[in-house]
Amino acid sequence: MIKHSIRVTPNRKGIWFIVNRGRIWLNAKRELPQGTYNELILSAEPEQFCFIGQLGDQDAYLLVNHDHIANEDEWVTPRELLTVSDETFQLAARAVQVALFLQTHRFCGQCGSAMSLVSWELAALCNKCGHRCYPRIAPCVLVGIVKDNQILLARSNRHRAGFFSILAGFVESGETLEQAAVREVKEEVGIDIANLRYVGSQPWPFPHSLMTGFIADYVAGDIVCQPHEIEEAYWFSFDQLPETPLEQTLSGQIIAQLKQISDNKKAT
């Protein structure tokens, strides 16, 4: 359970996620700092301390830092911790999302009054109008689509040339995850899918998404890329894949899983 506004004594030990504007500080060894609080070298007193979980046998803490960043190279996004371990990435994702919530809910979005943190949970409360806010989570669907032992991969206008991934999109109000998957695929590449199978989920702190992964079968339609969203999309054979996301990402895991299924079919 996340605990905010905790009191940190000089001798408290743990692993420290120091967050400033969505990035995390690494020490001279390019590692998350560990040890007692008084061993940390901080440029300014953190605005907020939070307990965010455990990493191995160590308690993990968020320290919200608002000081000017002197050396940009010392600060990384959570994505850059993907290759360390799943547990490290998940705590990094939690750290930056909690920090964002604390920084963006100082004032009430309903009446403009100052908000205060509720002591028994991670929530901000306006004592004037009673408006209560919790950390935002935006669900997003990922869909790996197969057809005749091929996978559909696309490149959005946000990705560099040559880099492809499975289709993705945010869930709209009133939609189920499955409905969002069908709609997004139709909007982005113009094809129909069916037989959705849930694969898994992954927190994605850019800034507060929850990725939910599916595998689906092609039903009908030709690829027609959505203008201003999808630059190009093709059916790729699994033995001739382009550059795709790391396997530490949910999209990379789905691609790897579908490739393994394809390889198993060939073997039999």
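Which residue in β10 does leucine 125 stand opposite? Leucine 125 stands opposite arginine 132.

## Basis of the report

This is a predicted model, in which local features need pLDDT of at least 70 and side-chain atom pairs count only at pLDDT 80 or more, while totals for chains, interfaces and linings use all residues. Residues are numbered from 1 along each chain as its sequence is written, and side-chain values use heavy atoms, with hydrogens and water left out.

Helices (H or I, at least four residues) and strands (E, at least two) are DSSP runs numbered from the N terminus. Strands are paired if DSSP finds at least two bridges between them. Strand β9 (residues 124-126) is joined to β10 by 2 bridges.

## Strand β6 and its partners

Strand β6 (residues 58-64) is largely enclosed by the rest of the structure, because 5 of its 7 residues are buried (under 20% relative accessible area with a 1.4 Å probe, protein chains only; exposed is over 50%, and partly exposed lies in between). Strand β2 (residues 13-20) pairs with β6 in the parallel sense over 5 bridges, and phenylalanine 17 has leucine 62 in β6 as its bridge partner.

Strand β5 (residues 48-55) runs antiparallel to β6 and is joined to it by 7 bridges. Leucine 55 stands opposite glutamine 58. The hairpin of β5 and β6 has 2 residues between the strands, and glycine 56 there takes a positive phi near 65 degrees.

## Helix α2

Helix α2 (residues 177-189) has 13 residues and reaches 18 Å from first to last C-alpha, close to the 18 Å expected (1.5 Å times one less than the number of residues). Its buried residues include Ala180, Ala181 and Val185. The buried residues of α2 pack against β11 (138-147), β12 (150-156), β13 (167-170), β14 (192-204) and β16 (230-237), where contact means heavy atoms within 4.5 Å. Just after the helix, glycine 190 takes a positive phi of about 75 degrees.

## Salt bridges

The whole structure holds 14 salt bridges, each a side-chain nitrogen of Lys or Arg within 4 Å of a carboxyl oxygen of Asp or Glu. In one of them, glutamate 72 meets arginine 23 with the closest N and O atoms 2.6 Å apart. Glutamate 72 lies in the loop between β6 and β7 (75-76) and arginine 23 in strand β3 (residues 23-25), so the pair ties together parts 49 residues apart in sequence.

Arginine 155 and glutamate 232 form another salt bridge, at 2.8 Å between the closest N and O atoms. This pair links strand β12 to strand β16, 77 residues apart. Arginine 155 counts as buried at 14% relative accessibility.
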